[in-house]
Amino acid sequence: MREFFVKKSILPGFSLSLGFTIFYLSLFVLIPLSMIFLKTSTLTFQQFIQVITAERTLAAYRLSFGTAFVSAGINAVFGLIVAWVLVRYTFPGKRIVDAMVDFPLALPTAVAGIALTELYVPTGWLGQYLQMAGIKGAFSPVGITIALTFIGLPFVVRTVQPVLEDLDPQIEEAAASLGANRWQTVTMVILPVIFPALLTGVTLAFARAIGEYGSVIFIAGNMPMKTEIAPLLIMTKLEQYDYPGATAIAVGMLLISFVLLAAANFFQWLTSKNLGKV
Amino acid sequence: MSQLNARTEPRFVRYFLITIALAFFALFLVLPLVCVFHNALSKGWVVYFDALKHPDAIAAMRMTLMTALVVVPMNLVFGVAAAWAISKFDFRGKGLLLSLIDLPLSVSPVIAGLIFILLFGAQGFLGPWLIAHNIRIVFAWPAIVLATLFVTVPMVARELIPIMKSQGTEEEEAALTLGASAWKTFWLVSVPNLRWGILYGVILCNARAMGEFGAVSVVSGHIRGLTNTMPLHVEILYNEYQSAAAFAVASLLAMLAIVTLIAKSIVEAHIRQGQK
Amino acid sequence: MSIEVKNIYKKFGNFQALENLSLKVETGELLALLGPSGSGKTTLLRLVAGLDFLDQGQVLFGDKDAQDKKASERGVGFVFQHYALFRHMTVFDNIAFGMNVQPRKVRPSRHEIHSKVMELLKLVQLEWLADRYPWQLSGGQRQRIALARALAVRPRVLLLDEPFGSLDAQVRKELRMWLRRFHDESHITTLFVTHDQEEALEVADRIVVMNQGRIEQVGTPEDVYHSPVNAFVLNFLGNVNFFHCRLEEGKAIIGGTALDVPGLDVDKPHPAKLYVRPNQFKITRYAPKGSALKALVEYVNPAGTIVKINMKTETGERIYAEISQDEYKNLKIVKLEQVYVSLKDVTYSEHLHNIP
């Protein structure tokens, strides 16, 4: 029976380490997380639907998923360029740029939030130029997208970078020797190989952006129906002691994200299954 | 003759791409950082240091430190145990376990806070019992620790698993054939081999633990001088239009981020060398 | 001490790695496990060391069953294919490790450990490397340190997994001879895995040829090379030519030509496969007394201690032959010349009774 579950090994500590891992995960992650499903079950199905299809909730979902999607798209393009430049070219200060890519992960989100707000308010360093162009930076969906782009960048760069580094130089040389020009080599030989990694990175950035709170709430403006993201709506419900409402919105958010993540995983499997590794 | 070979682009394409990358980098990464320090010092050094010396700020710093001091060691032990089970053994359900470990990363921080309110809050699952026994978890330090813990659970494990996997099991097997006991093999061979990986995980876990905002914001209750962490203190000051003070405290957190990045680069170099 | 495995079976998932395998290694013997990758040789070695668990069967050390003994209690010295040196320890600490982890009661004193380590470093001729770390050593040096580390615990048995597998050709040759000399002096029972036939033939007292989890043949290098028991062993140990032919009255009929085959007894005519080593051909410019195959020289390579010749017979059979430089000087053949090929000897013939 045990043989069926684990390949026998002479290394010690399997039961201890696995037992502790499962215990710890259950205690601090799984049991607390199961609370939201337990809480939701106190609502009738109709009540649940009522909460998550309320106009204000739908607007928040639309805003959260929409801005997350746009920011993931921006990061797909610029993250790929940053990763490419970091792997392929040399330029002064490259090592600092490389290290700074992780800055959004290392910087507390609240700090990022107030700094970005300060930059993009109409009187801010960048906000004034947007103002001239007739664009509202802070306190608009544009501001939210900017904050989410900031947060998502490292996910794309750090998943694409290692794949680009490991790329066998000979496949490019082979393509060139077969008469492909550089543009053909990049689009027909390199991009298909790194595409699954790019997709993974974009998915991670997207997932993070959906739930992001700290860096967004300062720049968002938080106007119901207009610039109120889903996590903030949960927060608002909590402050009004509407726990069932908050939980229902949270469950709706989790369900939509899981469906999207599963779709992305499937699509990634589809594009990578012929590359010999998943 | 230009030095065009099969693996590079024409010069103008290179310069164009580097320019785009650097412009994006400056706009999204450098400017916010400069902005923090510019605003922190906008009213001079006196205001800056006053903001940092304020009793509420000191209390927030203490709260943040105390939280990290509990959370990081716990997640370290978890990370080592999880990495050991996952990278040294073949068992069924490993993929599922890996996804469960990563689960907190795909849960919004606000939801991470919410679940502890639902569990321990006054209307929560264990709320009545806790009130009856006069135990305070929500809107107090224990909930801050739990919420931070939830968010940072994967941080050490995620870094250790690939490192341990790449090291394989041969060195442990060698130690065993040389007569070492299981315990000695673990402490004398496995742990020293992992020391840079452990440091790496601890650095990242610590940065996230000290900087966590959303989850903590839900459970802390924002009681000044009592249950505020540094990021929450920044929020309060900023919302009260004490911009310079807010950015002063924020500048400390930004410095923490910079130190984290520097330490991370150094440790990464060591890990890469160790894998040769 | 002798080692014996009896009727052992081992499966990895659906892959039968070892199937009903029995083998005895005599005390003081240097035995090579030779076979292609996937033949089960490393698995067998790991089972003996206690690094894996067998599904069925017995492992005996001397006459004691080793089944219940853990790897740490078996008293084997195991040298891993990639050495498995502890990368965070100096060479000195690596070698001392086995002594340092002994229980306090039996652990040698610091001083004793020091002198033992230095003695071993001297044995492998690397005294000056004591304070280096593994990553600072060359492949050959790591190999010898791994061996010294295994020897430090005074093992009763030495097990080596592809010990020279990842070394350059030159270093490999040196270490091979070093291992042979070391074994001649120490007489420690040694079992080593290799996929390199030359290595096995040169170093081992006896060779175990393995294939698909089973033993094909056990014997001295001479035995397995000159008297292979089947086509697999023959093919695995060196180059060989093979011909479909018909055997009749002491002759082999290949493509219409009846060749004399020395030492071949045939009771009644039947088809067969004939295996001939490259050095078992006689090549002449003119038709010899007996019968011979007419062949065209396609390629001659005189570089090296022997001369290699590729030929093609009239009926299209290809022959690869090796002759000495002296013979070559007498023959003076060049490309596209016509020659006659006869047989001096045959290594092995497979009699195909069933095929008409």
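Student: How exposed is B:Val191?

Tutor: B:Val191 counts as partly exposed because it has 13 C-beta neighbours inside 10 Å. With C-beta atoms placed from the backbone, a residue is buried if 20 or more other C-beta atoms lie within 10 Å of its own, exposed if 12 or fewer, and partly exposed in between. Please note that this is a predicted model, in which local features need pLDDT of at least 70 and side-chain atom pairs count only at pLDDT 80 or more, while totals for chains, interfaces and linings use all residues. Residues are numbered from 1 along each chain as its sequence is written, and chains are lettered from A and ligands numbered from 1 in the order in which they are written.

Student: Which helix is B:Val191 in?

Tutor: B:Val191 belongs to helix α9 (residues 182-193) of chain B. Helices (H or I, at least four residues) and strands (E, at least two) are DSSP runs, numbered from the N terminus. Between the C-alpha atoms of B:Val191 and B:Ala143 there are 32 Å, and along the chain the two are 48 residues apart.

Student: Now the core. Which residues of the largest nonpolar core touch the most other members?

Tutor: They are A:Val111, B:Leu114, B:Ala147, B:Val249 and B:Ala250, in a core of 170 residues. Helix α7 (residues 141-167) of chain B supplies the largest share of this core, 16 residues. A nonpolar core is a set of buried Ala, Val, Leu, Ile, Met, Phe, Trp, Tyr and Cys residues joined through C-beta atoms within 7 Å.

Student: Why does this core lie between domain 1 and domain 2 of chain B?

Tutor: Domain 1 (1-40) and domain 2 (45-274) of chain B both give residues to this core, so it lies between them. The domain bounds come from an automatic or database domain assignment.

Student: What is B:Leu114 in contact with, leaving aside neighbours within four places in sequence?

Tutor: The contacts of B:Leu114 include A:Ile36, A:Leu238, A:Ala250 and B:Val218. Two residues are in contact if their C-beta atoms, placed from the backbone, lie within 7 Å.

Student: How many residues of chain B are in contact with chain A?

Tutor: On chain B there are 72, in contact with 73 residues of chain A. Helix α1 (residues 11-40) of chain B gives the largest share of that side, 14 residues. The residues on this side of chain B divide into 54 nonpolar, 9 polar and 9 charged. Here Ala, Val, Leu, Ile, Met, Phe, Trp, Tyr, Cys and Pro count as nonpolar, Asp, Glu, Lys and Arg as charged, and the others, Gly among them, as polar.

Student: And what is chain A made of, helices or strands?

Tutor: Chain A has 14 helices and 0 strands. Buried residues account for 45% of its 278 residues.

Student: Let us turn to chain C. Which strands does β9(C) pair with?

Tutor: Strand β9 (residues 206-211) of chain C runs parallel to strand β3 (residues 30-34) of chain C, with 4 bridges between them. Two strands pair if DSSP finds at least two bridges between them.

Student: Which residue stands opposite C:Met210?

Tutor: That is C:Ile215 in β10(C). In the hairpin of β9(C) and β10(C), with 2 residues between the strands, C:Gln212 takes a positive phi near 50°.
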